[in-house]
Amino acid sequence: MNEPLDGSALSQYFLLPTDASEAPVTGIWAERRRLASIMRTVIEHLTVADTPESELREAADTLQHLAAQLGAHPRRRKRDDIADTATPMDKHALIDFSPLIGLSNPISPPLELTLDGNTLRGRLRFGTAYEGPPGCAHGGCIAAVFDELLGYAQSLTSLPGMTGTLTIRYRVPTPLHTELHCEARVQRISGRKIFCVGRLYAGETLCAEADGVFLASR
Ligand SMILES: CCCCCCCCCC(=O)SCCNC(=O)CCNC(=O)[C@H](O)C(C)(C)COP(=O)(O)OP(=O)(O)OC[C@H]1O[C@@H](n2cnc3c(N)ncnc32)[C@H](O)[C@@H]1OP(=O)(O)O
């Protein structure tokens, strides 16, 4: 059974977290994002800079102090995030810690998503921390981007499921420190199975393609 998908209908299900049309985030989430952004820069410097031992020691001591300070607070419950999403200013909260798109998660590249009709579009840049072959992105990191991208595309159907199978075809090496763009869409739905396809480009160059089968919840 194939079901047609209507982009305008899909867009109302999900607020994309990094959509440029969204109002700026302020307060605690803005500070979380700022901290994550600075941490990304620290990671980049750690992986590329020829830093002297004394400065590395000083940086580690400083971060150790910060880690103890941040760790002194009680853990937030996931439910707090979900409750936050009920307020207009905190609607990003549910996905802000995603490892791929989360602006409050320093391990995210981050991948920026926007919905364009039935196509989900993404932009990202891999830093040195994502290196696989010299100068190129790690294949596992590329797969993770596709899992998120296709995963979001299937979520927009309002039949959100989990990744069952993700197949990647790596066409050419994906460069680091380069603006990349990607796209995904739902190809068809058959029972609980949602079939998605996606592509990743550096400029006009097709770097990788993905096919994903997602299984909607019973
Ligand atoms: C807020 C939203 C934001 C989303 C963005 C983030 C996206 C991130 C997505 C993820 O990373 S999800 C995490 C990675 N995935 C997993 O951990 C899934 C682990 N696997 C499972 O939980 C189950 O194996 C799964 C739900 C995928 C399937 O189990 P079921 O018991 O529901 O499947 P079942 O055995 O009933 O089979 C139903 C149909 O699906 C087929 N099928 C089962 N497993 C499959 C599979 N793995 N791949 C493809 N097809 C599969 C199966 O052949 C069958 O086809 P037919 O109906 O035609 O007979």
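**Exercise 1. Which residues is Glu183 in contact with, leaving aside its neighbours within four places in sequence?**

Solution. Begin with the ground rules. The model is predicted: local features need pLDDT of at least 70, side-chain atom pairs count only at pLDDT 80 or more, and totals for chains, interfaces and linings use all residues. Residues are numbered from 1 along each chain as its sequence is written.

Step 1. Locate the residue. Glu183 lies in strand 4. Strands (E, at least two residues) and helices (H or I, at least four) are DSSP runs, numbered from the N terminus.

Step 2. Apply the contact test: C-beta atoms, placed from the backbone, within 7 Å. Glu183 is in contact with Thr119, Leu120, Arg121, Gly198 and Arg199.

Step 3. Check one partner. Gly198 is 15 residues from Glu183 along the chain, yet their C-alpha atoms are separated by 5.4 Å.

**Exercise 2. Is Glu183 buried, partly exposed or exposed?**

Solution. Step 1. Take the cut-offs. Buried means 20 or more other C-beta atoms within 10 Å of the residue's own, exposed means 12 or fewer, and partly exposed is in between; C-beta atoms are placed from the backbone.

Step 1. Count. Glu183 has 16 other C-beta atoms within 10 Å, so Glu183 is partly exposed.

**Exercise 3. Describe how strand 1 is arranged and paired.**

Solution. Step 1. Sort the side chains. Leu113 and Leu115 point to one face and are buried.

Step 1. Find the pairing. Strands pair if DSSP finds at least two bridges between them. Five bridges join strand 1 to strand 2, and the two run antiparallel. Glu112 has Arg123 as its bridge partner in strand 2.

Step 2. Inspect the turn. The hairpin has two residues between the strands, and Gly117 takes a positive phi near 65°.

Key. Contact = placed C-beta atoms within 7 Å.
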